[in-house]
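I am opening my notebook on a structure that is new to me. Here is what I looked up, entry by entry.

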Amino acid sequence: MSTYTLSRGLQRGKAAYKQGHKPGENPWSVSRMVALLILAFLAATWLVPFAWAILTSLKSEADAAASTVSLSPPDGFSFEAYRKVLSAGDIPLWAWNSLLTSVVITFVTVATSALAGYAFSRINFRGRRGLYAAIIAAIIIPPQLLIVPLFRQMLAFDLVDTYWGIILPQAFAPAMVLILKRFFDQIPVELEDAARVDGANRLRVFWSIVLPLSRPILAAVAIFVFIGAWNNFLWPFIVTTDADLMTLPVGLQTVKSAYGLQYAQNMASAILAALPLVLVFLFFQRQIIKGIATTGFGGQ
């Protein structure tokens, strides 16, 4: 085989790799087209309700409650529903409470999950199997069953109507421990052994070698935890009665209850609550997709 032929083959292979298919594979095959059509249909299925919510939030209450469905309302689009929602409640304060609690929950959860996952992956300590089984069992238990004992603990520690009362019960995620353990299992032990030979202790190895190699999965876990903490309604609703400590989902629910059944304002509240999460996904979608593929949820 000549050098020219080999060079051309390598160039075609690189071009095919960049485009996402193997060398010699038809990028417009029937199976690929069917897969793209199915994905487009699923994307449209998700986008239609979101688009409908935006359209409804831009209508007047009369147009939103009309029996005749129309994409273009007779009275035209307006931001009246958003103005009423923003003027009726303390949206900036509730958003700050959600941001503060979600960031702290994310930081604590990622830190504890990474340490626990690394311990299960690398350290053979006494009681390891029993504790690992307990973490797996914790995933099976519905969170609703823990509300009463958690609330009694918060009362005992005088943490009701405090930020810590919102944060601490959400700062442990067994599923994230398992995800990080699985990722740490894939890191070659030889890298850590080389660092141990050079005199690094276990914590230094974890901080200087394991964590830098785990940035994609840590970013994905942080994003998932942040989204869950931001969307959590039930626990902040139970543990807080002070309006100054309410998170955004809880505060918006009180506003909607005061209004009654107001379709446009309800949709405007939902869009305001979901908008930060949409921005998070737009900015970090690459890390989310990479994290899903890394953890094996993508079929790998």
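**Entry: Tyr82**

I started with Tyr82, which I found in helix H4. This is a predicted model, so I am reading a prediction throughout. Is Tyr82 buried or exposed? Its relative accessibility is 13%, under the 20% cut-off, so I noted Tyr82 as buried. Next I asked which residues Tyr82 is in contact with, leaving aside its neighbours within four places in sequence. My list reads Ser57, Leu58, Ala268, Ile271 and Leu272. I also looked up Asn266: it is 184 residues from Tyr82 in sequence, yet the two C-alpha atoms are 9.5 Å apart in space.

**Entry: salt bridges**

How many salt bridges does a search of the whole structure find? The search gives 3, and I took them one by one.

I stayed in helix H4 for one of them. The side chains of Glu80 and Arg83 form a salt bridge, at 2.4 Å from N to O. Helix H4 covers residues 80-88, and these two partners sit 3 residues apart in it, about one turn of the helix. Arg83 is partly exposed at 46% relative accessibility, and Glu80 is partly exposed too, at 33%.

Then I turned to Arg122 and Glu192, whose side chains meet in a salt bridge at 2.7 Å, N to O. Arg122 belongs to helix H5 and Glu192 to helix H10 (residues 189-197), so this pair ties together parts that are 70 residues apart in sequence. Are these two partners buried or exposed? Arg122 is buried, with a relative accessible area of 18%, and Glu192 is buried as well, at 4%.

I finished with Lys181 and Asp185, a salt bridge of 2.8 Å, N to O. Both residues lie in helix H9, 4 residues apart, which is about one turn of the helix. I noted Lys181 as buried at 12% relative accessibility, whereas Asp185 is partly exposed at 39%.

**Entry: the nonpolar cores**

Which residues touch the most other members of the largest nonpolar core? This core has 24 residues, and I wrote down Leu180, Phe184, Phe206 and Val221. At least two of its residues come from each of helix H5 (91-122), helix H9 (174-185), helix H11 (202-213) and helix H12 (215-231).

Not counting residues up to four places away in sequence, Phe206 touches Ala114, Leu115, Tyr118, Phe184 and Leu211. There is also a second, separate core of 23 residues, which includes Leu248, Val255, Leu277 and Val280. As a reminder to myself, nonpolar side chains tend to be buried together in soluble globular proteins.

**Entry: H11 against H12**

Which residues make the contact? H11 brings Leu211, Pro212 and Leu213, while H12 brings Arg215, Pro216 and Leu218. Sorted by class, the contact has 5 nonpolar residues, no polar ones and 1 charged residue.

Notes
Residues are numbered from 1 along each chain as its sequence is written. This is a predicted model: local features need pLDDT of at least 70, side-chain atom pairs count only at pLDDT 80 or more; totals for chains, interfaces and linings use all residues. Side-chain values use heavy atoms; hydrogens and water are left out. A nonpolar core is a set of buried Ala, Val, Leu, Ile, Met, Phe, Trp, Tyr and Cys residues joined through side-chain atoms within 4.5 Å. Buried means under 20% relative accessible area, exposed over 50%, partly exposed in between (1.4 Å probe, protein chains only). Contact means heavy atoms within 4.5 Å. Ala, Val, Leu, Ile, Met, Phe, Trp, Tyr, Cys and Pro count as nonpolar, Asp, Glu, Lys and Arg as charged, and the others, Gly among them, as polar. A salt bridge is a side-chain nitrogen of Lys or Arg within 4 Å of a carboxyl oxygen of Asp or Glu.
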